[in-house]
Amino acid sequence: MSAAGQHILVYPFPTSGHFIPFLDLTHRLLNRRLTVTVLVTPNNLHLLDPLLTRHASSSLHHLLLPDMDPLPAPNLPARLRRLRDLHYPALLQWFQSLTSPPVAIFSDFFLGWTQSLASELGLRRIVFSPSSSFSYSLNMSLCRESLRIDDPQAEKQTLSFPDIPNSPKYPAYQINSIYRTYKDADPDKEFYRRNWLQNLESWGVVFNTFSDLEAIYIDHLKKEIMGHDRIWAVGPVLGDDGLDTTNRGGSSSVPFQELVAWLDSRDDNSVVYVSFGSHYVLTLKQMDVVASGLEESGVNFVWSVREPKASQVSRDHGVIPDGFEDRVAGKGFLIKGWAPQLAVLRHRAVGAFLTHCGWNSTLEGIAAGVVMLTWPMGADQFTNTKLLVDECGVGIRVGESTQNIPESSTLARMLVESLDGSRAERSQAKMLSEEALNAVNGGTSDNDLGSLVKAINEIKPSTGSNKI
Ligand code: AWU
């Protein structure tokens, strides 16, 4: 048995889409004998349970720090700044209290400020990106010269990025509003930009992606942006490696066996799975189109419906139409709350996925070999859609946010077509699925994971004084 590896601090950003893949990766790092302390906030502590039961207490520890009070309305830059103000002093004190502290801080790309902390402590900092290397490249392009879109109404203005492979173009509304600076004096937006820029100073970057999917973007980052090869593509990290995925990211809101029995009673590739991520709530109009489209299509479906959190309750959030559940009885299975998404996508009955194209859902759909019906809502999802539809040929464009909402009859037709076994997207999806699974089973991603662990084990413990 090889000697225990070095000790690192893993610091996920505390939302599902960022926390889930980082825990999946942590499980793989523990399997390669690193010692890990995971920084958790109280509402995420329970998500460590599957790892705590699988790994010895000598190799997996947790550091519990408070989360900040919820903001009156979603405001990512303000949230990042408050989290930094809350955690920076506590982490500094924690590290200085240890006789043999971790040799590296491995933190989410939203926590760029941990670069300053690592420098102050004489440690290495490694970035974890729960999003694609394509969207990371776009963020790097945007945060180095923030956009000036003088007319806030210019939502359709086309923006080009010739510095990124394939020179992608986007209508202005698809670019994260954080970068559309109408007034440069916004301190939270300036903090967000500087926070991103600090990722450039990191020792290395780890992506939840695989080389066959994003080689051109990974090479772009190595040669044009970071200027070194310490960029590792270790995905798709999907739980596995002996972890129970039934309660991945949270416990299912429906009895798991009841859902599996429902799927078992359906033919192969005859079901569409519908989900728009762990926090996006459909607007009234979007909800109406999705419900009507599913009903008119007559397809079998499993729909994970998100109810608005207190901070999201707005006039314009959708609710399931009256009588809908009765009218689709026998065809549809509704999950109001948390769905065992990975288990559903892997079931032989599921042939297509109506998705917002969050990066985890994108990878899970690719690994499951299903046709992707794309309806991006924000963040990096428009970029992920370009990858799925234009580059990989496994996706079919359905809608875009609230700017392009399809007619329910159009959606119904696309739902039926997505289950047509003769479509080119189906065979493409099967091929890409094999490439994804090969990458993590002895292929490029496994090799990159081994290279990452080797590089971490070669880090010299800090004497505390040496700045890097
Ligand atoms: P996913 O990335 O699919 O969507 P978000 O939750 O919206 O994630 C970034 O995090 C994305 O790139 C962004 O676009 C942003 C965010 N899940 C589940 O198991 N059950 C459910 O009912 C709902 C979700 C899981 C799902 C996936 C994750 C959602 C990285 O959108 O399997 O792993 O939650 O992540």
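I worked on a predicted model, where local features need pLDDT of at least 70 and side-chain atom pairs count only at pLDDT 80 or more, while totals for chains, interfaces and linings use all residues. Residues are numbered from 1 along each chain as its sequence is written, and side-chain values use heavy atoms, with hydrogens and water left out.

**Ligand shell.** I looked up which residues surround the ligand. There are 22, and Ser278, Ala339, Ser361, Glu364 and Asp380 come nearest. I took a residue as near if one of its heavy atoms lies within 4 Å of the molecule. By class, the shell has five nonpolar, 13 polar and four charged residues. For these classes, Ala, Val, Leu, Ile, Met, Phe, Trp, Tyr, Cys and Pro are nonpolar, Asp, Glu, Lys and Arg are charged, and the others, Gly among them, are polar.

**Polar contacts.** I then checked N and O pairs (a polar contact is such a pair within 3.5 Å). An oxygen atom of the ligand is 2.5 Å from a side-chain N or O atom of Asp380. For Ser361, a side-chain N or O atom is 2.6 Å from a ligand oxygen atom. On its own the ligand has 670 Å² of accessible area, and the protein covers 97% of it. Areas come from the Shrake-Rupley method with a 1.4 Å probe.

**Elements around the ligand.** Helix H1 (16-31) and helix H12 (359-368) are the elements that give two or more residues to the shell. H12 gives the most, four residues. Helices (H or I, at least four residues) and strands (E, at least two) are DSSP runs, numbered from the N terminus. Where does the ligand lie relative to domain 1 and domain 2? It lies between them, because domain 1 (7-242 + 441-457) and domain 2 (256-420) both give residues to the shell. The bounds come from an automatic or database domain assignment.

**Second largest pocket.** I used a 1 Å grid over the protein atoms alone: a pocket is an open set of points with protein on both sides within 12 Å along at least five of seven lines, a cavity is a set where a 1.4 Å probe fits but cannot get out, and lining residues have an atom within 4 Å of a point. The second largest pocket holds about 230 Å³ of space. Its lining has 16 residues, with Leu47, Pro50, Asn247, Arg248 and Gly249 nearest the centre. H1 gives the most to this lining, four residues. The lining divides into seven nonpolar, six polar and three charged residues.

**Cavities.** I found two cavities of 30 Å³ or more. Strand S11 (residues 300-305) gives the largest share of its lining, three residues. Among the lining residues are Phe276, Trp303 and Arg306. The second largest cavity has a volume of about 40 Å³. Its lining has six nonpolar, three polar and no charged residues.

**Backbone.** Most residues other than glycine have a negative phi, and most peptide bonds are trans. I noted two exceptions. A cis peptide bond joins Gly235 and Pro236, with omega about 0°. Pro236 is in the loop between strand S9 (231-233) and helix H8 (256-264). Arg33, not a glycine, has a positive phi of about 75°. Arg33 is in the loop between H1 and strand S2 (35-40).

Conventions: A polar contact is a pair of N or O atoms within 3.5 Å; within protein, one must be able to donate a hydrogen and the other to accept it, and residues adjacent in sequence count only if both atoms are side-chain atoms. Grid points are joined across faces, edges and corners, and a volume is the space filled by probe spheres set on the points.
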